[in-house]
Every structure is written in structure tokens, then in C-alpha cells.
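Open the model in your viewer and keep the sequence panel beside it. The tour moves from single residues to the whole chain, one selection at a time.

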Amino acid sequence: MEPIRAILLPGSVLPAQLAYGDLIQALGPEVQAVAKDMELYADDEPPPGWNLDTEVDGVLREADALGWEAFHLVGYSGGGAAALAFAARHPDRLRSLALLEPAWAGNWDWSPAHAELWKKYDELEALPPEQFMPAFMRLGVKPDVVLPPPPPGPPPPWMAKRPAGIKAFLQTFKSYDLARERLAAFPQPVFFALGGLSNPDDYGEIAGRLARVFFPDFHLEVFPHRHHFDPPHRIEPERLAELLRRHWEAAEGNPAAGPADFRVLPRVTSESGTAEILDDVRGDR
């Protein structure tokens with residue numbers, strides 16, 4: 001039997017090894033997991049003409065260099081958006097898709113609350129770097145979440161690239177054509193990890209919209225004490241590793257994997273009524 005092979009795409013802040021080191025260790029030696037850095041940060045500035053297709057092409061090169069014809073793809077935040085773009089363009093190369101709060105999932109079927117949130121993301125682009133990151137992080141969580149202060153001491157050298165990189169993501173999200181009909185035709189299982197403390201008008205809504213696209217082969221797991229900036233792949237890697245292994249084994253047709261018994265909180269609520277969207281995920285219509 002072939003080993004489980006997976007490519008892991010990070011978000012727009014941490015380098016891939018820092019983001020996924022603990023998860024790869026928790027997955028164990030039976031999983032061949034490769035944490036791939038974003039093409040966005042290959043040089044000091046974003047490449048000219050960069051968009052999600054640049055990241056898609058980078059994943060293809062990585063898989064071809066490894067000799068992997070088919071593999072599982074995991075993406076967090078900006079990497080989750082790139083993973084969705086890959087699934088739309090190259091579904092034949094994927095055994096499954098796992099999304100850890102993708103930063104964006106197309107420009108269709110937005111609720112008024114989600115559209116209003118993206119107006120606030122647009123306003124970030126005018127902020128200086130020292131204000132940009134705190135404001136960016138605040139939008140990603142529920143209002144009562146207390147975000148930790150920056151670590152003491154000078155920031156790591158790679159951090160200097162991040163404001164420009166995040167802005168590049170925000171720009172490409174405005175114009176990129178993530179074809180809903182191609183995602184709807186994606187034949188493999190899709191797993192979505194959602195933080196219970198993340199902004200439900202952002203990641204909760206994305207989960208609901210994608211569930212309608214990928215239904216019935218869509219599995220939602222809520223991590224009630226996590227949010228977008230303390231995600232499960234860093235804070236609860238053992239639990240996420242167990243869920244991913246089950247997801248992958250089921251996708252590869254391993255009968256020993258058993259049914260995917262993913263747990264969903266009864267409700268994840270917001271004042272804008274995102275609970276109803278997540279009820280759709282659960283099938284409570």
C-alpha cells in the first residue's frame with residue numbers, strides 16, 4: 001500500500017516549517033508530509049503579476065519534483081485560498097482537500113455581513129505597517145477575543161515581507177475567478193477545520209458556503225477554543241493529526257479507517273445570524 005502523501009500550505013504570516021512542524025511530528029512517520037512555503041515570499045517583494053495561480057503552479061512543481069502523481073492538499077488561511085484554487089484547476093491530482101480556515105473562498109453568495117467585513121479588510125491597505133498587522137488580526141476573531149501582544153525583541157527577518165504579502169492576497173481576492181462550478185465538480189472528500197473563536201462573519205460564513213458547494217462530501221470539525229491566530233495545527237496538532245489521518249485513509253479507500261465521525265458544535269453564532277449558515281452545514285434546515 002502506498003504511503004499517505006500530503007502537501008501543506010501555510011498562511012500569509014508564518015513560514016511553512018514554523019507553521020506545520022508540530023503537526024508533521026504528530027502525523028508520524030507513516031505520513032509523508034511536506035510543508036511548502038508560499039511562492040509569494042521567494043524574494044524580497046511579491047513577484048510581478050503574482051496571484052493564486054502562481055501558488056497553484058508552485059504546488060505542481062513541488063509535487064512533480066517529489067514524483068507524486070496524486071496527493072492530499074492542506075491549506076491554512078492564504079494557503080487555504082490557494083488550495084481551493086488548486087482543487088478547481090487540478091482536481092485530478094488530489095486525493096482529498098483539507099481547509100484550515102481559508103482566507104477567502106470566491107466572490108459569490110456573500111451575505112451582507114461578509115461584504116461589510118471585506119470593506120474593513122479593504123481599509124487596511126491604507127494603514128502603515130505598525131498598524132496594519134494588529135488591525136488585520138483583530139478582524140479575524142470574535143470581538144471579545146484577547147489577542148496576545150507581539151513577542152518581545154526585534155521581529156524575525158521574514159516578518160518584514162508579510163504586510164506586502166498580505167496586501168497582495170487582499171488584492172488578488174478582488175479579481176481572481178474561483179469557479180464555483182469547478183469546485184462543485186470536485187470529486188474527492190473535503191475537510192474543514194473551524195475555530196469557535198474566529199470571526200463567524202468571515203470563516204464561519206466561508207464554511208457554510210463551501211458546504212453547499214461540496215455537499216455531501218464535506219466534513220466540518222469545530223475547535224471551540226481556537227481562533228485564526230492560534231490555529232489547531234499549532235495548538236492542538238495531535239487532535240488535528242488524528243482527524244487528518246482518518247480523512248486521508250477514508251479518501252484512499254482504507255476500510256480500516258471506518259466512517260468519518262466528525263463532530264460539530266450545536267451552534268456557532270454571531271449577531272448577523274451566521275448560526276443559520278452553519279445549521280446548513282449540519283443539515284438542520
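Select Ser77, which lies in strand S3; helices (H or I, at least four residues) and strands (E, at least two) are DSSP runs, numbered from the N terminus. The phi of Ser77 is near 55 degrees, a positive value in a residue other than glycine. Ser77 is buried, with a relative accessible area of 5%; buried means under 20% relative accessible area, exposed over 50%, and partly exposed in between, with a 1.4 Å probe and protein chains only.

This is a predicted model, in which local features need pLDDT of at least 70 and side-chain atom pairs count only at pLDDT 80 or more, while totals for chains, interfaces and linings use all residues. Residues are numbered from 1 along each chain as its sequence is written, and side-chain values use heavy atoms, with hydrogens and water left out.

Stay in strand S3 and select Phe71. Phe71 is buried, with a relative accessible area of 0%. Not counting residues up to four places away in sequence, Phe71 touches Arg5, Ile7, Val59, Ala63, Phe86, Arg93, Leu94, Arg95 and Ser96, where contact means heavy atoms within 4.5 Å. Draw a distance from the C-alpha atom of Phe71 to that of Ala6: the two are separated by 5.5 Å and lie 65 residues apart along the chain.

Next, go to Glu101 in strand S4 (residues 94–102). Its backbone has a positive phi too, near 50 degrees, in a residue other than glycine. Glu101 is buried, with a relative accessible area of 4%.

Now show the backbone from Phe215 to Pro216, where the peptide bond is cis, with omega near 10 degrees. Pro216 sits in the loop between helix H8 (200–214) and strand S6 (218–223). As background for these stops, most residues other than glycine have a negative phi, and most peptide bonds are trans.

Select Phe214 and its surroundings. Leaving out residues up to four places away in sequence, Phe214 touches Leu84, Leu97, Leu183, Phe186 and Val190. Phe214 is also one of the residues with the most contacts inside the largest nonpolar core, alongside Leu52, Leu73, Leu97 and Leu210. That core has 64 residues; a nonpolar core is a set of buried Ala, Val, Leu, Ile, Met, Phe, Trp, Tyr and Cys residues joined through side-chain atoms within 4.5 Å. Colour helix H3 (residues 78–89) to see the largest share of this core, eight residues. A second, separate core of 23 residues includes Ala16, Phe191, Ala193 and Trp248.

Which residues is His233 in contact with, leaving aside its neighbours within four places in sequence? Select His233 in helix H9 and show Ala19, Tyr20, Asp22, Leu23, Tyr76, Leu100 and Leu240, which are the residues in contact with it. His233 is buried, with a relative accessible area of 1%.

Move to Pro237 in helix H10 (residues 237–251). Pro237 is buried, with a relative accessible area of 6%. Neighbours within four places in sequence aside, Pro237 is in contact with Asp22, Leu23, Ala26 and Pro232. The C-alpha atoms of Pro237 and Gly21 are separated by 9.3 Å, and these residues are 216 apart along the chain.

The largest pocket holds about 920 Å³ of space. On a 1 Å grid over the protein atoms alone, a pocket is an open set of points where a 1.4 Å probe fits, with protein on both sides within 12 Å along at least five of seven lines, and lining residues have an atom within 4 Å of a point. Of the 32 lining residues, select Val13, Met133, Met137, Pro151 and Met159, the closest to the pocket centre. Strand S3 (71–77), helix H5 (129–139) and helix H9 (232–235) each supply at least two residues of the lining, and the largest share, six residues, comes from H5. Colour the lining by class to find 24 nonpolar, six polar and two charged residues; Ala, Val, Leu, Ile, Met, Phe, Trp, Tyr, Cys and Pro count as nonpolar, Asp, Glu, Lys and Arg as charged, and the others, Gly among them, as polar.

Finally, zoom out to the whole protein, with its 11 helices and six strands. Of its 285 residues, 53% count as buried. Among contacts between residues at least 6 apart in sequence, 76% join residues at least 24 apart.

Note on methods:
Points joined across faces, edges and corners; volume = space filled by probe spheres on them.
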